[in-house]
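Today I'm going through a predicted model, looking for charged side chains that pair up. My notes follow as I go.

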Amino acid sequence: MDNNSLHNDEFTRMHHPENDEQYAGLQVNQGVEQPPMVNPYLRRRKRPTLSVNDYVEGIRAGNTSILGQAVTLVESLKPEHQVVAQEVIEKCLPFTGNSKRIGITGVPGAGKSTSIDAFGMHVINHGAKLAVLAIDPSSERSKGSILGDKTRMEKLAVQKNAFIRPSPSAGSLGGVARKTRETIMLCEAAGYDTIFVETVGVGQSETAVHSMVDYFLLIQLAGTGDELQGIKRGIMEMADGIVINKADGDNKERAELAAAQFRNALHLYPMPPSGMAPEVMTYSGYYEINIDKVWAMIDKYFEAVHKSGYFEEKRREQEKYWMFETINEHLRSNFYNNPEIERLLEIKQEMILHNKQSSFVAASDVLNYYYNNIVKPQQ
């Protein structure tokens, strides 16, 4: 018997004790060695590291690959990535602000993705370059994003003048919103003159989107009992236009009735600062009915606010808003990510749970410790 056979027999006895002589009648053979899962001859190309100027030049040239990498930098939580991302944004700043920023929201199932596909094709066919972004406040729990919706944007997904970007899948709503706003600026620098910002679902994200867009479009459905809910939520106060989707076939009359109900409800609200009363229209995203009329409504709004000067005024207010939001976010991050504060918070939580201290006193103790032991020594 050669050395290889002896080695194999020894290996089999070590890994298969059933082959020991004491177990008469049992025989377990050595398995066949499996090939590696990854091709051993495959050579992975390492993506070259880009400089700030490389990013800026690539973005300005409309290179979607470099634009995507820059957005990834913006979304990254690594401090070194954030330094580069902010430099890129600063250098792109002179080329921003030249787009129509349109927020699109609606209840789940309202057909936002289908509508964006139809609206997007309409603007692209009229010579626009379109970027579609998203804010998904539920992503921290569900890990979902617009990526699933992207598969339903069949026409837009293959257009060279369309850029569809999934939202970050983690982080606070404020952080996600800030990253989306910075992505808007990069897209504008890349030459995209129309930006859609989609919110997934209806909730707190509407406020964040409203603070970064020029026009806020609310998509609704008829016959779902949601008409009055929309009034309660106050989202209608933010809407610059309301459109009832799926106004086709047997649902057309119900859509017209819902539109009439929304028009009546809008009379209860004061005139918005833009001086433009929100219009209500019906359409069908799936069958592409009245898409041109919906877009004519949006164009009419932009023409009016440019003429009145409200467009520039709103942009300036948004700039101030995001300065304060960024300050608030940095303060929260500095406070909650401090190891000493993390330990103190755990202690205080235990004291509250065991009725040894009230919530208000505990909060005061933590803040006093932060100001006296962390903030002051740094001054």
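I began with glutamate 319 and looked up how open it is: it's partly exposed, at 44% relative accessible area. Next I checked arginine 181, which is buried, with a relative accessible area of 10%. So arginine 181 sits under the 20% cut-off for buried.

I looked up where they sit: glutamate 319 is in helix 14 (residues 310-336) and arginine 181 is in helix 8, so the pair ties together parts 138 residues apart in sequence.

Then I wondered how many salt bridges the whole structure has. My search turned up nine.

Another of them joins glutamate 188 and arginine 101, with the closest N and O atoms 2.8 Å apart. This pair also links distant parts of the chain: glutamate 188 is in helix 8 (residues 173-189), arginine 101 is in strand 1 (residues 100-106), and they're 87 residues apart. Are they buried or exposed? Both glutamate 188 and arginine 101 are buried.

Arginine 315 belongs to helix 14, while aspartate 214 is in the loop between helix 9 (205-210) and strand 5 (215-220), 101 residues away. I noted that arginine 315 and aspartate 214 are both buried.

A reminder to myself: side chains of opposite charge can pair when their charged atoms come close.

Technical notes
Residues are numbered from 1 along each chain as its sequence is written. This is a predicted model: local features need pLDDT of at least 70, side-chain atom pairs count only at pLDDT 80 or more; totals for chains, interfaces and linings use all residues. Side-chain values use heavy atoms; hydrogens and water are left out. A salt bridge is a side-chain nitrogen of Lys or Arg within 4 Å of a carboxyl oxygen of Asp or Glu. Helices (H or I, at least four residues) and strands (E, at least two) are DSSP runs, numbered from the N terminus. Buried means under 20% relative accessible area, exposed over 50%, partly exposed in between (1.4 Å probe, protein chains only).
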